[in-house]
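My notes follow the order in which I looked things up.

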Amino acid sequence: DFRDREDLIRRRPILIAHRGGVVNDDVAECSLTAIRLAANHHYDMVELDIRESLDGVPILFHDSAMQQACGVDGRVADRNASELEKISYLKGKDRIATLETALGLCQRLGLGVMIDLKAGRNDPEFLTRLQKLLEKYQLLDATICITSSDVTREQLKSIRFTPTSDEMRRLRGGERLDLRERFWFGLPWNLQPGDLESLRASGSLIFPAINTFRYPRDRHYELAKQDMLKLLPDVDGFQIDSVYDPILKDDASSE
């Protein structure tokens, strides 16, 4: 619950599972199993990628096409939700799930949600459906969104978004802003000198992204560890790929 700042501080670092949860060779990204594993691995939140079915239902899925993840031709947007729910992933035993099913699971497991809207960002009707689902599963105060769409920001006022480009410009210009309803999200190397101090002073939460594909393949773990341990004292948490789970555990055990 982002309303309880003291609880957030006690629980730092807040960990957000990238790719819809804990993903491995046997578990597909954006699957219900990945979400369950995120809870088992003591994550606080999961990133949910959202697509729209042909009949306008929010769907938990990353790519626009289904070939790579499911071995099925066509796009998510070309099939009704009832058809999509029958399609299995190539990895594991999961089928494609609706966002409603995923949110219900997150509520039961006590997981917050980071939303990445891959579709429907400028569709008021679709956004209304999303709002109602978050209300139904009592997740409005436990949801953040990394989509920059002005339409989405205007319609989903109850959840938290990243600072606008104008807010970041003003903050970097030395202006004092109240960003207690915002959270900074981005790559560690996009933080400019003074950003961490200014963001903390503004009240913004800070969640750097630590993702495998951002680093050279042969050194990704080493470089990710350097970034995480360097930033750890000054941020509220991280959005990470589950391969980096041991970094913070190893650091804690060495204290």
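The entries below start with the ground rules and then go place by place.

**Ground rules**

I am working with a predicted model, where local features need pLDDT of at least 70, side-chain atom pairs count only at pLDDT 80 or more, and totals for chains, interfaces and linings use all residues. Residues are numbered from 1 along each chain as its sequence is written, and side-chain values use heavy atoms, with hydrogens and water left out. Helices (H or I, at least four residues) and strands (E, at least two) are DSSP runs, numbered from the N terminus. I call a residue buried under 20% relative accessible area, exposed over 50% and partly exposed in between (1.4 Å probe, protein chains only). Contact means heavy atoms within 4.5 Å.

**Cores**

I looked up the nonpolar cores, meaning sets of buried Ala, Val, Leu, Ile, Met, Phe, Trp, Tyr and Cys residues joined through side-chain atoms within 4.5 Å. The largest one has 69 residues. Ile-35, Leu-48, Met-66, Ile-96, Leu-103 and Phe-238 have the most contacts inside it. A second, separate core has 10 residues, among them Phe-2, Ile-16, Met-45 and Ile-144.

I then checked Ile-96. Not counting residues up to four places away in sequence, Ile-96 touches Ile-59, Leu-60, Phe-61, Met-66, Cys-70, Leu-84, Glu-85, Ile-87 and Tyr-89.

**Leu-103 and helix H5**

I went to Leu-103 next, which sits in helix H5 (residues 99–109). Leu-103 has a relative accessible area of 0%, so it is buried. Leaving aside neighbours within four places in sequence, its contacts are Leu-48, Val-113, Leu-133, Leu-134, Tyr-137 and Leu-139. I took one C-alpha distance here: Leu-103 and Leu-134 are 31 residues apart along the chain and separated by 7.5 Å.

Which other residues of H5 are buried? I find Leu-99, Ala-102, Gly-104, Leu-105 and Cys-106 listed with Leu-103. Their cover includes H2, E2, strand E3 (58–60), strand E4 (97–98), E5 and H6. Gly-110 follows H5 with a positive phi near 75°.

**Helix H8**

H8 spans residues 165–172, and Glu-167, Met-168 and Leu-171 are buried in it. Down the axis of H8, these buried residues fall within an arc of 100°, so they line one face of the helix. I take the arc from the directions that run from the helix axis to the C-beta atoms. An α-helix has 3.6 residues a turn, so residues three or four places apart point the same way. On the face of H8 turned away from the buried side I find exposed Ser-165 and Arg-169. Strand E8 (183–186) and helix H9 (195–202) are among what covers the buried residues of H8. Just after H8, Gly-174 takes a positive phi of about 100°.

**Helix H9 and its packing on H8**

In H9 the buried residues are Asp-195, Leu-196, Leu-199 and Ser-202. They cover an arc of only 130° around the axis, which puts them on the same side of H9. They pack against H8, E8, strand E9 (205–210) and helix H10 (220–231). Gly-203 follows H9, and its phi is positive, near 90°.

How do H8 and H9 cross, and at what angle? Their axes are 10 Å apart and the angle is about 110°. Axes here are lines fitted to C-alpha atoms, for helices over the stretch in contact, and angles run from 0 to 180 degrees between N-to-C directions. H8 and H9 are therefore roughly perpendicular (65 to 115 degrees). Met-168, Leu-171 and Arg-172 in H8 meet Asp-195, Ser-198, Leu-199 and Ser-202 in H9. By class, this contact has three nonpolar, two polar and two charged residues. Ala, Val, Leu, Ile, Met, Phe, Trp, Tyr, Cys and Pro count as nonpolar, Asp, Glu, Lys and Arg as charged, and the others, Gly among them, as polar.

Most residues other than glycine have a negative phi, and most peptide bonds are trans. I looked for exceptions.

- The Arg-12 to Pro-13 peptide bond is cis, with omega near -5°. Pro-13 lies in the loop between helix H1 (5–11) and strand E1 (14–17).
- Cys-30 is not a glycine, yet its phi is positive, about 55°. Cys-30 lies in the loop between E1 and helix H2 (32–40) and is buried, with a relative accessible area of 1%.
- His-42 is not a glycine either, and has a positive phi of about 65°. His-42 lies in the loop between H2 and strand E2 (45–52) and counts as exposed at 65% relative accessibility.

Terms used:
Parallel < 35°, antiparallel > 145°, perpendicular 65-115°, else oblique.
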